[in-house]
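Visitor: I am new to this one. Please walk me through it, and keep it simple.

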Amino acid sequence: MLEKQTEVKKHFGVLLSLLRDRQNFLEEIRQEIRLQSKISSLFVTSSIFFAIYGVIIGASHSFGQALSSAIKLPAFYLLTLIICFPTLFFFNVLFGSRSSFKQHFVVLLTAVSVISVLLFSLAPVTLFFMITAPDSYQFFKLLNVLIFGITGTFGVKFLYEGMQLLSQQDEVGKKTRTTILQSWLLLYAFVGMQLGWFLRPFFGAPESKFELFRAVKGNFYLDIMQAISEILNL
């Protein structure tokens, strides 16, 4: 029991070091210091934070939805990363990067971890609106789309800074790799939106029964437009 507590403290200690001194944390990645430990700790802590947020948004529907979202939300972020990661790594290597597979992966995982922490920090706000506006499903959905958008923006900013730091040691092809990174961020966003649509529901419409997955029809953009129309009575 004591060993498990020590292990959990160690995992959260790694995350705290990222939050408190990200420049030094990224420098350690550049120098390949304790990369495996960083991967394990960031994976565990980000999964916990995503699961907590998943429970909150799923609880607006039912216990089953809360449990489902607690599993699907961490899976959503990890799968998006895994799907898009090879593209970034191999294109960077092709254009002069000498950073290792692990270095690339840890930088991406730091960005995902930052998103998880920001989501966790906004969890009380989400919980407040879930309690005070229980019948406003479309508003609750749009609120969370906004929250995911804001936290994702900060995560992307962190990722961009981290990848730029890694590129400092490889001057050859640096400009091209910056362009690749900017294009890859758009790819990451589109893959994330499509995967999120595929894994839905995370909230669960109030009039519907619990579903683990919903039939793939329509798209994310039309659903958001419909939600805005309902709120504005258009």
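Guide: A term before anything else: helices here are DSSP runs of H or I with at least four residues, numbered from the N terminus. The model is a predicted one.

Visitor: OK. Where does Pro-201 lie, then?

Guide: Pro-201 is in the loop between H7 and helix H8, and H8 covers residues 220-232.

Visitor: And what kind of peptide bond joins Arg-200 and Pro-201?

Guide: A cis one, with omega at about 5°. As background, most peptide bonds are trans.

Visitor: What about Arg-34, what phi does that have?

Guide: Arg-34 has a positive phi too, near 50°, and is likewise a residue other than glycine. Its place is also the loop between H2 and H3.

Visitor: How do Glu-32 and Arg-34 count for exposure?

Guide: Glu-32 has 48% relative accessibility, so it counts as partly exposed. Arg-34 has a relative accessible area of 53%, so it is exposed. The cut-off for exposed is over 50%.

Visitor: Now the helices on either side of that loop. At what angle do H2 and H3 cross?

Guide: Roughly 130°, and their axes come within 10 Å. H2 is residues 22-30 and H3 is residues 35-58.

Visitor: Which residues make the contact?

Guide: H2 brings Phe-25, Glu-28 and Ile-29, while H3 brings Leu-35, Lys-38 and Leu-42. By class, the contact has four nonpolar and two charged residues, with no polar ones.

Visitor: Ile-29 is in that list. What else does Ile-29 touch?

Guide: Beyond residues up to four places away in sequence, Ile-29 touches Leu-35, Lys-38, Gln-103, Val-106, Val-107, Thr-110 and Leu-166. Ile-29 is also among the residues with the most contacts inside the largest nonpolar core.

Visitor: How many residues are in the largest nonpolar core?

Guide: 54. Besides Ile-29, those with the most contacts inside this core are Tyr-77, Leu-108, Leu-159, Met-163 and Trp-184.

Visitor: Which elements give two or more residues to this core?

Guide: H1 (2-20), H2, H3, H4 (63-94), H5, H6 (137-167) and H7 (174-199). H5 gives the most, 13 residues.

Visitor: Stay with H5. How do H4 and H5 cross?

Guide: Their axes cross at roughly 145° and come within 10 Å. H4 passes H5 in a right-handed crossing.

Visitor: And which residues of H4 and H5 meet?

Guide: On the H4 side, Tyr-77, Leu-81, Phe-85, Leu-88, Phe-89 and Asn-92. On the H5 side, Phe-101, His-104, Phe-105, Leu-108, Leu-109, Val-112, Ile-115 and Leu-119. By class, that contact has twelve nonpolar and two polar residues, and no charged ones.

Visitor: Next pair. What angle do H6 and H7 make?

Guide: Roughly 160°, with the axes coming within 11 Å. H6 and H7 are therefore roughly antiparallel to each other. The crossing of H6 past H7 is right-handed. Among the residues in contact are Leu-159 and Met-163 of H6 and Trp-184 of H7. By class, the contact has seven nonpolar, four polar and two charged residues.

Visitor: Change of topic: serines. Is Ser-116 buried or exposed?

Guide: Ser-116 has 0% relative accessibility, so it counts as buried. Ser-116 lies in H5, residues 101-132. Leaving out residues up to four places away in sequence, Ser-116 touches Ser-46, Phe-49 and Phe-50.

Visitor: And Ser-41, buried or exposed?

Guide: Buried, because its relative accessible area is 1% and the cut-off for buried is under 20%. Ser-41 is found in H3. Its contacts, apart from neighbours within four places in sequence, are Lys-10, His-11 and Val-14.

Visitor: Last one. Where is His-61, and what is in contact with His-61?

Guide: His-61 is in the loop between H3 and H4. Apart from neighbours within four places in sequence, His-61 is in contact with Phe-203, Gly-204, Ala-205, Pro-206, Ser-208, Lys-209 and Phe-210. His-61 and Val-172 are 53 Å apart in space, C-alpha to C-alpha, and 111 residues apart in sequence.

How values were computed. Residues are numbered from 1 along each chain as its sequence is written. This is a predicted model: local features need pLDDT of at least 70, side-chain atom pairs count only at pLDDT 80 or more; totals for chains, interfaces and linings use all residues. Side-chain values use heavy atoms; hydrogens and water are left out. Axes are lines fitted to C-alpha atoms, for helices over the stretch in contact, and angles run from 0 to 180 degrees between N-to-C directions. Contact means heavy atoms within 4.5 Å. Ala, Val, Leu, Ile, Met, Phe, Trp, Tyr, Cys and Pro count as nonpolar, Asp, Glu, Lys and Arg as charged, and the others, Gly among them, as polar. Buried means under 20% relative accessible area, exposed over 50%, partly exposed in between (1.4 Å probe, protein chains only). A nonpolar core is a set of buried Ala, Val, Leu, Ile, Met, Phe, Trp, Tyr and Cys residues joined through side-chain atoms within 4.5 Å. Angles under 35 degrees count as roughly parallel, over 145 as roughly antiparallel, 65 to 115 as roughly perpendicular and the rest as oblique. A crossing is left-handed if the near helix is turned anticlockwise from the far one by less than a right angle, and right-handed if clockwise.
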